[in-house]
Amino acid sequence: MNYLLSKNSIGSLAILSQPRFAGSALCSNGTWFGKSPILMALFVGLTLQGAQDASISHRVTKRSANESPHAGYGLRLLPALWSTAVYNPYQALLFGGATLCTLGCALYCKPAQTTKIIAATLALSSLGGSAYWAHQTPPNLYFLDLDEASLAAHKLIFPLGFLFASGGSAYQIEGCGVHNGGQDMSTYTDSYRKKHLLSFKDPSGKDKPEVDRLTNLFAHTFTALDGVGIACNEWNLYEQDAMLKAKMGINADRFSIERFKVETAPGVFNLKAIEHYRDKAVTLIKLRIRPIIGMHHYSDPAWFMDAGGFEDKNNLDGFAHYCAIITGAIYDACMEFIGNDPTKQDLIPLFYTYNSANAYAINGYQQGTRPPYVKNMGRSRTVLFNMLEAHMLAYKKMKKAAPKALIGTTINVYQLDPVNYLNPVHRTLCFAGNYLQNYSVYDFFKDKAKKGQQCLDWVGLNYYSHGYMKSPSGPFANPQDVPFTGNPLTEAELKNSKFASTANQLYTIYADGLFLALHEINENVSKIWPKPIPIIITETGLGVQRADAHADANGYDALETQEEIDKRTLFLKHYLYAASQAYQVGIPLIGISIWSFMDNYEWGQYDKRYGLFAVDFTQSSKPRLRRKGAQYYWDAIKTHNKRYKK
């Protein structure tokens with residue numbers, strides 16, 4: 001285990017898990033928790049114990065990818081006395097009190113260490129020392145040095161053939177209608193929402209709270225009056241977009257299939273729509289852009305949901321059959337062009353079953369914010385595990401339909417951290433949330449791996465940020481975030497990514513979390529198979545809240561503000577650095593896909609803009625406009641390509 005050695009303001013040496021704690025958390029204005037000699041003695045005792053077996057240097061530059069993200073997580077560090085007990089679901093039970101925490105520490109530490117930890121915990125609690133920790137980012141064993149000097153000193157290093165991609169989902173970019181693959185028959189239509197509200201038997205009585213909740217949710221979420229409309233009209237402009245991607249240096253493109261367009265009723269397939277997706281994939285390949293193709297991206301056919309959706313096990317085989325039909329059709333078309341040419345084998349499409357089955361189950365069945373708008377944890381768990389079982393069925397069928405293709409899935413990681421790191425309630429809630437969201441999925445795949453049932457050839461990580469919890473009502477963004485007032489951020493605030501709030505109120509720029517998530521996926525998914533599988537960051541991005549985008553004389557987004565440019569640049573700089581560092585320590589990372597290639601329909605509205613390119617939705621041509629904030633990505637691709645051309 002590696003540590004960072006730093007000097008605090010009074011000259012004492014402290015071993016910390018994260019550099020940002022050195023100046024702010026451990027000493028405030030040059031004081032040690034009110035200059036308490038008892039606490040100082042306790043802290044020095046703990047750190048000296050850690051120093052006995054630590055390889056100390058002034059700066060940690062490398063750590064092993066084979067080391068678990070939870071190994072030794074905070075055992076000797078005051079800011080994280082409960083870390084191991086709460087964050088390791090495989091070696092500790094779910095508990096939330098100091099007594100059980102002590103038991104957890106006893107399982108991991110020598111008696112002398114346990115005594116010191118108990119004493120320090122009691123001292124901090126009794127003296128009210130926990131109050132200051134309420135606003136600190138929690139310790140992360142896999143921290144990054146994100147200061148400007150470190151970023152400038154370390155070049156982005158990725159392997160030859162690394163996939164620099166952008167993403168977009170069918171429903172959000174293609175549009176619907178006679179000229180866009182068919183009328184909208186999804187669960188995101190206004191008619192579906194009205195039908196759902198009418199399904200309540202007692203809307204004025206016992207069902208009134210839920211009816212009121214949904215009415216309010218629909219009013220604030222679905223602000224695009226005409227629904228998805230033709231969106232970006234990508235259905236008709238995909239060739240133009242493919243050429244633009246190739247021009248910018250993109251060598252992989254992540255897109256999804258809209259099921260209600262290709263399967264208009266159970267088992268009834270639209271050959272014309274299937275041919276469209278075949279042509280799209282082949283168009284990309286001819287430009288040396290590798291397709292990364294998803295079978296499901298949040299939207300469902302209304303007929304599928306009316307039949308019970310993924311909640312009904314009778315629907316799972318039908319989903320697997322759909323996956324096999326589409327995969328086989330696209331694969332065959334691509335292989336006609338690729339053949340056995342050794343220079344084209346790296347263009348064989350990558351396929352995946354879901355865009356984050358865990359996020360789909362939680363959003364739609366636990367939080368009730370997406371179709372079918374249910375708030376029931378039991379039903380959410382049923383849906384999640386049914387989806388994972390359907391993945392197993394689909395994997396087998398897809399492998400038969402596309403023998404040379406790699407089949408995977410994606411997992412969304414949104415880490416939950418306690419508001420107060422010394423509050424056992426907060427920590428228990430975070431443990432439960434992290435297990436329900438992430439570790440239960442890891443457990444599923446670990447069980448299959450133990451049984452020798454290979455069901456993944458690669459895995460995708462969707463990661464944006466982390467959140468904080470202090471109550472079961474749900475997570476919120478960093479406590480230090482300031483509400484966006486419209487005033488430009490100061491230079492100091494821009495350098496502190498905690499202030500870089502985004503269009504999603506739950507997301508801030510947190511590259512440390514991406515680095516940790518990559519270790520987590522590597523440890524719990526990639527390495528569990530006989531041969532470790534590759535990892536792709538399938539989705540990460542930054543959105544800004546803005547209604548319009550218009551072209552200037554040079555084809556750029558004329559309404560892009562300097563603050564938007566700075567935020568997007570900061571995001572790209574930090575997250576690409578985190579990805580590069582992960583690769584350099586041995587994580588089998590083979591690509592990254594930025595969400596999204598262009599602004600799109602963000603599940604009810606058009607004013608959350610994630611695009612590397614802007615879209616002027618007021619124009620019938622839906623022009624793609626360059627963004628200055630995306631330049632860092634294009635420059636990173638060019639630099640990478642130049643390195644391997646030498």
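1. Basis. The model is predicted: local features need pLDDT of at least 70, side-chain atom pairs count only at pLDDT 80 or more, and totals for chains, interfaces and linings use all residues. Residues are numbered from 1 along each chain as its sequence is written, and side-chain values use heavy atoms, with hydrogens and water left out.

2. Overall. The chain has 22 helices and 16 strands. Helices (H or I, at least four residues) and strands (E, at least two) are DSSP runs, numbered from the N terminus. Of the 646 residues, 60% are buried. Buried means under 20% relative accessible area, exposed over 50%, and partly exposed in between (1.4 Å probe, protein chains only). The accessible surface is about 25,600 Å², and carbon and sulfur atoms hold 57% of that. These areas come from the Shrake-Rupley method with a 1.4 Å probe; for residues, only the protein chains shown count as cover.

3. Contacts along the sequence. Take contacts between residues at least 6 apart in sequence: 78% of them join residues at least 24 apart. Contact means heavy atoms within 4.5 Å.

4. Strand 3. This strand covers residues 163-167; five of the five are buried, so the rest of the structure largely encloses it. Leu163, Ala165 and Gly167 point one way, Phe164 and Ser166 the other. Strand 3 runs parallel to strand 13 (residues 589-595), with five bridges between them. Strand 3 also runs parallel to strand 4 (residues 252-256), through three bridges. Two strands pair if DSSP finds at least two bridges between them.

5. Helices 18 and 20. Helix 18 (residues 424-450) packs on helix 20 (residues 511-524) at about 25°, with the axes 10 Å apart. That makes the two helices roughly parallel. Axes are lines fitted to C-alpha atoms, for helices over the stretch in contact, and angles run from 0 to 180 degrees between N-to-C directions. Angles under 35 degrees count as roughly parallel, over 145 as roughly antiparallel, 65 to 115 as roughly perpendicular and the rest as oblique. Asn438, Tyr439, Tyr442 and Lys446 of helix 18 meet Glu520, Ile521 and Asn524 of helix 20.

6. Tyrosine 192 sits in helix 9 (residues 190-198) and is buried at 10% relative accessible area. Its contacts beyond four places in sequence include Met305, Pro371 and Pro372. Tyrosine 192 and proline 371 are 179 residues apart in sequence, yet 9.1 Å apart in space, C-alpha to C-alpha. A cis peptide bond, omega about 5°, joins proline 371 and proline 372. Proline 372 lies in the loop between helix 16 (357-365) and helix 17 (377-401).

7. Other backbone points to inspect. The peptide bond from tryptophan 595 to serine 596 is cis, with omega near 0°. Serine 596 lies in the loop between strand 13 and strand 14 (608-609). Serine 356 is not a glycine, but its phi is positive, about 60°. Serine 356 is buried, with a relative accessible area of 0%. Lysine 622 also has a positive phi, near 50°. Its place is the loop between strand 15 (613-615) and strand 16 (624-626), and at 11% relative accessibility lysine 622 counts as buried.
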